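Student: I would like a close look at a single part of this model, with the terms spelled out as we go.

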Amino acid sequence: MTGELDPRTLTILGVEGALEAAGAPRATADTLSGLSAHPDARVRARVARHPNTPVEVLGSLAAAYPADVLANPGLPLMRLARPNLLGVFPADGVIALLNAPGVPGWVVDSALRHEDYAVRTALAGRSDLSAERVAALAQDAGWQIREAVARRDELPEALVRQLAADDDYDVRKAVASRPDLPGDVLRVLVGDAHGMVRAGVARRLDLPLDCMIQLAADGDPDVLATLARRVDLPRSVREWLATNDQPLVRAAALQAWTVPAEWLARAEVDADPDVRAALARRPDAPAELLTRLAGDESETVRRAVLERSDLPEDAVLALARAPEADIRLHVASAEGIPASVLDALLTDPDASVRTVLAVRPDLGEAQLEVLAGDPNPEVRRAVAYATGTPGRTLAGLARDPNAGVRRAAALHPNLDPEDLGVLAGDPDEGVRLAVAGRADLSPSVRDALRADPEASVREEAARVGA
């Protein structure tokens, strides 16, 4: 029966029928190709194990079903027919096979010859590679592969020295971060032609003092910025970096674990906003400083303050008055903001901010009453949706000139029954439909809605009241 199945319609087979077809010993290549797209994962896994499945189909299944592909009994014959079998597999499929438990050696050897750099990069990161394979990958034409080799936990010193002289700076940068880097190689990399390599050296926890001094004379701002974050520099070097001409370096100096108090005062009046923003991100910044920075003239600084979760009330209040609407919107949606901030946002010039404010669960009745009189109907509708809106406020919203506001009010559980009766005769059919969907209507109101001129309203009233 399997041979009679149309491969174009196999994906609509029921699961049991598809499983039977995928497991049939005489299933054809066309049948298995069709079943490889079946929506059920068990069917696709069974196709991955079938010896008649075409190589190209196995390649497409390998990424999701590597163990099933490796368990396929037809693989030995396929390998004989195609010595470079995995060369036709997509890169993600070969990588999945490499990561499968108990991967056979032939897969590793095939990955070593695979033309896709991603495969060889994944291979270079494996901890169980033989010394010969590691040495071969260290000579690979792709810099990504050599970089992956340079990041290996265990690497012979000869290869470390070889890669430290690599033509590609990413490879040398990876070598610069190795904990087992010989001292003479480290000093060579301190004078490397590329700034990113020298910056990598500057990050080393065990950087010798003479190397620090040499890097402090570097002309690359990124190198100096990396060095400026250190606290184990000579005092004079740290001070020089903290007052460097480059804002990037001065900002980086403020990111050190500890900084002298006078640096904080100096940074607050720094001409560059990135320096003041770095100051705003310091975890030990006092409340008074954060309040002043929240009102800084620079948007960059205000946004840096906004990132914090420990702001004092006055700082939050300053951000609630920021020129940027999205900053004020962020404040309006934040948790646990003080009442003074809520009051300030009630009159925000942006209706979106006031709309978000209206649905806050911590908004008081007096504040909701203010927003219920907002000139923007979106804000008033949000008040009608808010769970804490009292009945007296809803009564006014039930008579709002905007039908959308009245529709929202008609759904609120706090709406007085008398107001429901008013809305049941509303000229807008959408309002009457909202009322008709309530289960708490009086018999007289429901009877009136069952006789409504709009069919949808009558049907809703009859359905809910049944």
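Student: Which helices do the buried residues of α31 pack against?

Tutor: This is a predicted model, in which local features need pLDDT of at least 70 and side-chain atom pairs count only at pLDDT 80 or more, while totals for chains, interfaces and linings use all residues. Residues are numbered from 1 along each chain as its sequence is written, and side-chain values use heavy atoms, with hydrogens and water left out. The buried residues of α31 pack against α29 (377-385), α30 (391-397), α32 (417-423) and α33 (429-436), where helices are DSSP runs of H or I with at least four residues, numbered from the N terminus, and contact means heavy atoms within 4.5 Å. The buried residues in α31 are Val-405, Arg-406, Ala-408, Ala-409 and Ala-410; buried means under 20% relative accessible area, exposed over 50%, and partly exposed in between, with a 1.4 Å probe and protein chains only.

At the start of α31, a side-chain oxygen of Asn-402 comes to within 2.8 Å of the backbone nitrogen of Gly-404. Leu-411 also belongs to this helix, which spans residues 403-411, and Leu-411 is partly exposed, its relative accessible area being 49%. Together with Val-359 and Tyr-385, Leu-411 forms a nonpolar surface patch with about 300 Å² of accessible area, as computed by the Shrake-Rupley method with a 1.4 Å probe, only the protein chains shown counting as cover for residues. Such a patch is made of residues with over 30% relative accessible area and no salt bridge, nonpolar side chains (Val, Leu, Ile, Met, Phe, Trp, Tyr) being joined within 5 Å and like charges within 9 Å; a salt bridge is a side-chain nitrogen of Lys or Arg within 4 Å of a carboxyl oxygen of Asp or Glu.

Terms used. Helices (H or I, at least four residues) and strands (E, at least two) are DSSP runs, numbered from the N terminus. A polar contact is a pair of N or O atoms within 3.5 Å; within protein, one must be able to donate a hydrogen and the other to accept it, and residues adjacent in sequence count only if both atoms are side-chain atoms.
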